[in-house]
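Subject: Structure for your files

Hello,

Here is the structure I said I would pass on. My notes on the fold and the pockets follow below it.

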Amino acid sequence: SEGVDLGDIGFDLLIAKTVPSSGVVFGGGVVGLMPTATEKSLGLDQWLLGPEAIVAIVKKWGVLGLLVTHQWDVAGENDFNTSITGGQYSYVFNLYDGWQITSSPVFSYNHKADRDNKLTFPVGLGASKTTIINGRPWKFGVEFWHYVASPDLYGPDWQIRLKITPVVALPWGGVE
């Protein structure tokens, strides 16, 4: 039957705090994966769980940040073990009139993979523009990622990412 197939669903819960008057943000939490794939080829059939940490610098000129996670298999398929360190590094350099130079590539290191398939690491470059449409801020962007390390058997060499992001108010109040 034809239909929509789903992969596993990842989740995280992170709490962060800005150090007063420094612009430095520290945070920590948990990250995981639920085995929700509708086909075996689209998922691990395992529950994953582990820690995550973030550090960032937020200034008028922009943002530099690093998120690092680690996940182990805690339940599900027992034929193999999973141990993956991953994360995302981000940078934003503010220009003028809502324009930014930006990227936020995602990397991973699979501790259980064979030697040539452990590391996935892209280097990214992009641009974005924030504009007001019907009173709501929207951010439109494009990024190019070149993979300096990628699993030999199935990993990409490059990727283009288009981003469209509405800016929404916090549900509990505060700054819009």
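A pocket here is an open set of grid points where a 1.4 Å probe fits, with protein on both sides within 12 Å along at least five of seven lines. Please keep in mind that this is a predicted model.

By that definition, the largest pocket has a volume of about 790 Å³. Its lining consists of 31 residues, and Q71, I84, V106, F107 and S108 are the closest to the centre. Six strands each give at least two residues to this lining: β2 (24-34), β3 (46-59), β4 (62-76), β5 (83-94), β7 (106-110) and β9 (136-149). The largest share comes from β5, with five residues. Sorted by class, the lining of the largest pocket holds 14 nonpolar, 13 polar and four charged residues.

The second largest pocket contains about 350 Å³ of space. There are 21 residues around this pocket, and those nearest its centre are Y91, V92, Q100, T102 and K139. Two or more lining residues come from each of β3, β4, β5, β6 (99-103), β8 (119-133), β9 and β10 (158-166). Here β9 supplies the largest share, five residues. The class count for the second largest pocket is seven nonpolar, 10 polar and four charged residues.

Now the chain as a whole. What secondary structure does the protein chain have? The count is zero helices and 10 strands, and the pattern along the sequence reads β-β-β-β-β-β-β-β-β-β. The C-alpha trace spans about 55 × 35 × 35 Å along its principal axes.

The protein chain has 176 residues, of which 26% count as buried; the cut-off for that is under 20% relative accessible area. Its accessible surface comes to about 11700 Å², and carbon and sulfur atoms account for 63% of this area. As for contacts with a separation of 6 or more, 45% are between residues 24 or more positions apart.

For a first look, I would display the lining of the largest pocket with Q71, I84, V106, F107 and S108 labelled, then do likewise for the second largest pocket with Y91, V92, Q100, T102 and K139.

Regards

Terms used
Residues numbered from 1 in each chain as written. Predicted model: local features only at pLDDT ≥ 70, side-chain atom pairs only at ≥ 80, totals over all residues. Heavy atoms only, no water. 1 Å grid on protein atoms, 1.4 Å probe; cavity = no way out; pocket = protein on both sides within 12 Å on 5 of 7 lines; lining within 4 Å. Points joined across faces, edges and corners; volume = space filled by probe spheres on them. Helix = DSSP H or I, 4+ residues; strand = E, 2+ residues; numbered from the N terminus. Nonpolar A, V, L, I, M, F, W, Y, C, P; charged D, E, K, R; others polar. Buried < 20%, exposed > 50% of the residue type's maximum accessible area, 1.4 Å probe, protein only. Contact = heavy atoms within 4.5 Å. Areas by Shrake-Rupley, 256 points an atom, 1.4 Å probe, with all protein chains shown as cover.
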